[in-house]
Amino acid sequence: MFISPYFLGFIIRKLHFLIMDSKINHVTCMGAAVTVIAVGVAIIERERSRIYIPREPRINAIAQREFYIDSILNRGDRHCVEQIRMKPIVLYNLCDVLTSRNLLRSTQNVSIREQVIVFLQIIGRNQIFRFISGVYYRFVETIHRYFKIVLKAVLKLYKHLIKDPGDTVPAEIMNNRRFYPYFKV
């Protein structure tokens, strides 16, 4: 079999280009790998030399919330009445009644005392949920949820606190013209 010199030259040139292409590919891959490693080392060194200052929370919401509740209850009866429209002893009695009748429970994050105080501030001082959420460092949704829970609990107390007068109307009301339109028999 005879191989022409032209054909042999063509094959040699192709082999030469293939060898050169593989060398170029190898060099290119090595260059890319070295670049990636160099950038990684630079990032790691920059992070290592960086000075970290541990940040404290701007406020301790739990402590601030407890301080606010204590300030309402412990600054005197007058201040407490201005804030929640009742004396501290009455608030504690209300909390005890709600707890003993199993109408209200303390949760992991919100105590019964806080639930009732928030409810009383909204009802007694006509505060909006957004304002109360800012004071207590809670979401508006959380304030709204616990307001509804306490409202339902207080409404269930009517069975225990309000007695039906029955069918009898006292004589002084029955015979007085002033009350006649309201107590017709």
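Asparagine 102 sits in the loop between helix 4 and helix 5. The model is predicted: local features need pLDDT of at least 70, side-chain atom pairs count only at pLDDT 80 or more, and totals for chains, interfaces and linings use all residues. Residues are numbered from 1 along each chain as its sequence is written, and side-chain values use heavy atoms, with hydrogens and water left out. The protein chain has 9 helices and 0 strands, where helices (H or I, at least four residues) and strands (E, at least two) are DSSP runs numbered from the N terminus.

**Overall make-up**
- Along the sequence the pattern of the protein chain reads α-α-α-α-α-α-α-α-α.
- The protein chain has 185 residues, of which 22% count as buried; buried means under 20% relative accessible area, exposed over 50%, and partly exposed in between (1.4 Å probe, protein chains only).
- Among contacts in the protein chain with a separation of 6 or more, 51% join residues 24 or more positions apart; contact means heavy atoms within 4.5 Å.

**Loop residues with positive phi**
- Most residues other than glycine have a negative phi.
- Asparagine 102 has a positive phi, near 60°, and is exposed at 61% relative accessibility.
- Arginine 85, in the loop between helix 3 and helix 4, has a positive phi near 65° and is partly exposed at 48%.

**Nonpolar core**
- The largest nonpolar core has 26 residues, and Leu73, Ile84, Leu91, Val116, Ile117 and Tyr136 touch the most other members; such a core is a set of buried Ala, Val, Leu, Ile, Met, Phe, Trp, Tyr and Cys residues joined through side-chain atoms within 4.5 Å.
- Elements giving two or more residues to this core include helix 2 (61-74), helix 4 (88-100) and helix 7 (140-156).
- Helix 5 gives the most to this core, with 7 residues.
- Beyond its neighbours within four places in sequence, leucine 73 is in contact with Cys80, Ile84, Pro88, Leu91, Tyr92, Arg113 and Ile117.

**Cysteines**
- There are 0 disulfides in the structure, a disulfide being a pair of cysteine sulfur atoms within 2.5 Å.
- Cysteine 80 is buried at 0% relative accessible area, and cysteine 95 is buried at 7%.

**Salt bridges**
- The count is 8 salt bridges, each a side-chain nitrogen of Lys or Arg within 4 Å of a carboxyl oxygen of Asp or Glu.
- Glutamate 45 and arginine 48 form a salt bridge at 3.3 Å, N to O; the two are 3 residues apart in helix 1 (residues 5-49), so about one helical turn separates them.
- Aspartate 70 pairs with arginine 113 in a salt bridge, with the closest N and O atoms 3.5 Å apart.
- Aspartate 70 is in helix 2 and arginine 113 in helix 5, so this pair ties together parts that are 43 residues apart in sequence.
- Aspartate 70 is partly exposed at 31%, and arginine 113 is partly exposed at 21%.
- A network of salt bridges links Arg65, Glu114 and Arg138.

**Surface patch**
- Tyr158, Leu161 and Ile162 make up a nonpolar surface patch with about 370 Å² of accessible area together.
- Patches are made of residues with over 30% relative accessible area and no salt bridge; like charges are joined within 9 Å, and nonpolar side chains (Val, Leu, Ile, Met, Phe, Trp, Tyr) within 5 Å.
- Isoleucine 162 lies in the loop between helix 8 (158-161) and helix 9 (171-174) and is exposed at 62%.

Key. Accessible areas come from the Shrake-Rupley method with a 1.4 Å probe; for residues, only the protein chains shown count as cover.
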